[in-house]
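Come and look through it with me.

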Amino acid sequence: MRSRRPDQLLSLRIPGTPYPLWFRPQTSDIDVFHQTFVRRQYDALSGSSDVRLVIDGGANAGYAAVWFLIRFPGACVVAVEPDPANADLLERNLKPYGNRAKVVRSALWSHPAGMVLRSAGDGRAWAWQVREPALWETADVTATDIGSLLAESGEPRISILKLRVEGAEKAIFADGDSEWLACTDNIAIELHDEECREAFLNAIEDHPFHISEVGDLTIARHAG
């Protein structure tokens, strides 16, 4: 662990990572780090082959994105994060990976739209939610959709789609255009309630995915 910096960031160097990872002390960053590098939740995807495009929705501080970049050296990661403070740290953690990593300061939703950003859950850095604004509200962030990210990437398929979007998965799968599902090989998603789970399972039921559970993640792997 490195010395404290004026901006109250600490860095941590762990075996297998070529660059230090930055985190904010006494925040949820350490919990996200623990999910990724201690509990190793994404190891369920480590056997994926020919991984070229990873879309990381709800990228937070960037620890999952770094895991994907290290595990799949031929992959590029599009990391999507709506909260400005999280996105600042995300950019810092991904900068050493150059053009293999792209940060999108946006929310994920069913369609491009202005969204209101609000703290939810335990109120920590990993608990930001978005919703469509009321008529009298001003949008905080512009949302994008998964189909648009795929089209902008220039890749024909999404190798891995990781979603930790604090309930927005319901809108993404219930209300959005899901043609991109036919071009998606693996999904790792945190489903926040039964409505979110129902929307997700209904959306993928016509696609040959095998489902498993790893901690608080649902893993869907294309059977083709």
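Below are my notes, entry by entry.

**Ground rules.** I am working with a predicted model, where local features need pLDDT of at least 70 and side-chain atom pairs count only at pLDDT 80 or more, while totals for chains, interfaces and linings use all residues. I number residues from 1 along each chain as its sequence is written, and side-chain values use heavy atoms, with hydrogens and water left out.

**Helix α2.** I began with helices and strands, which are DSSP runs numbered from the N terminus (helices H or I, at least four residues; strands E, at least two). I then asked how many residues of helix α2 are buried. Buried means under 20% relative accessible area, exposed over 50%, and partly exposed in between, with a 1.4 Å probe and protein chains only. Seven of the nine residues in α2 (residues 63-71) are buried, so the rest of the structure largely encloses this helix. I listed them as Y63, A64, A65, V66, W67, F68 and L69.

**The cores.** Next I looked for nonpolar cores, meaning sets of buried Ala, Val, Leu, Ile, Met, Phe, Trp, Tyr and Cys residues joined through side-chain atoms within 4.5 Å. In soluble globular proteins, nonpolar side chains tend to be buried together. The largest core here has 37 residues, and I146, F173 and W180 touch the most other members. Helix α6 (residues 194-204) gives the most to this core, with five residues. Apart from it lies another core, of 36 residues, and I found W22, V32, F68 and Y97 among them.

**Around F173.** Which residues does F173 contact, leaving aside its neighbours within four places in sequence? With contact taken as heavy atoms within 4.5 Å, I found L163, W180, L181, I189, A199, F200 and A203.

**Aromatic rings.** I counted nine aromatic pairs in the structure. Rings of Phe, Tyr and Trp (its six-membered ring) pair if their centres lie within 6.5 Å; planes under 30 degrees apart count as stacked, over 60 as edge-to-face and the rest as tilted. F33 and F37 make a tilted pair, 5.1 Å centre to centre with 40 degrees between the planes. They are four residues apart in helix α1 (residues 29-38), so about one helical turn separates them. F33 is buried, at 11% relative accessibility, and F37 is buried at 15%. I also noted one aromatic cluster, formed by Y42, W67, F68 and F72.

**A charge over a ring.** R92 lies over the face of W22, at 4.2 Å from the ring centre. For this, NZ of Lys or CZ of Arg must be within 6 Å of the ring centre and within 35 degrees of the ring normal.

**Strands.** Two strands pair if DSSP finds at least two bridges between them. Strand β7 (residues 113-119) pairs antiparallel with strand β9 (residues 141-144) over three bridges, and I saw G114 opposite T142 in β9. β7 also pairs antiparallel with strand β8 (residues 128-131), over four bridges; there V116 stands opposite R131.

**The seven-strand sheet.** I traced an open sheet with mixed pairing, in the order β5-β4-β3-β10-β11-β13-β12. Its edge strands are β5 (101-104) and β12 (209-214), each pairing on one side only. Within it, strand β11 (residues 184-189) runs antiparallel to strand β13 (residues 217-222), joined by four bridges. I187 has A220 as its bridge partner in β13.

**T144.** Is T144 buried or exposed? This residue of strand β9 is buried, at 11% relative accessibility.
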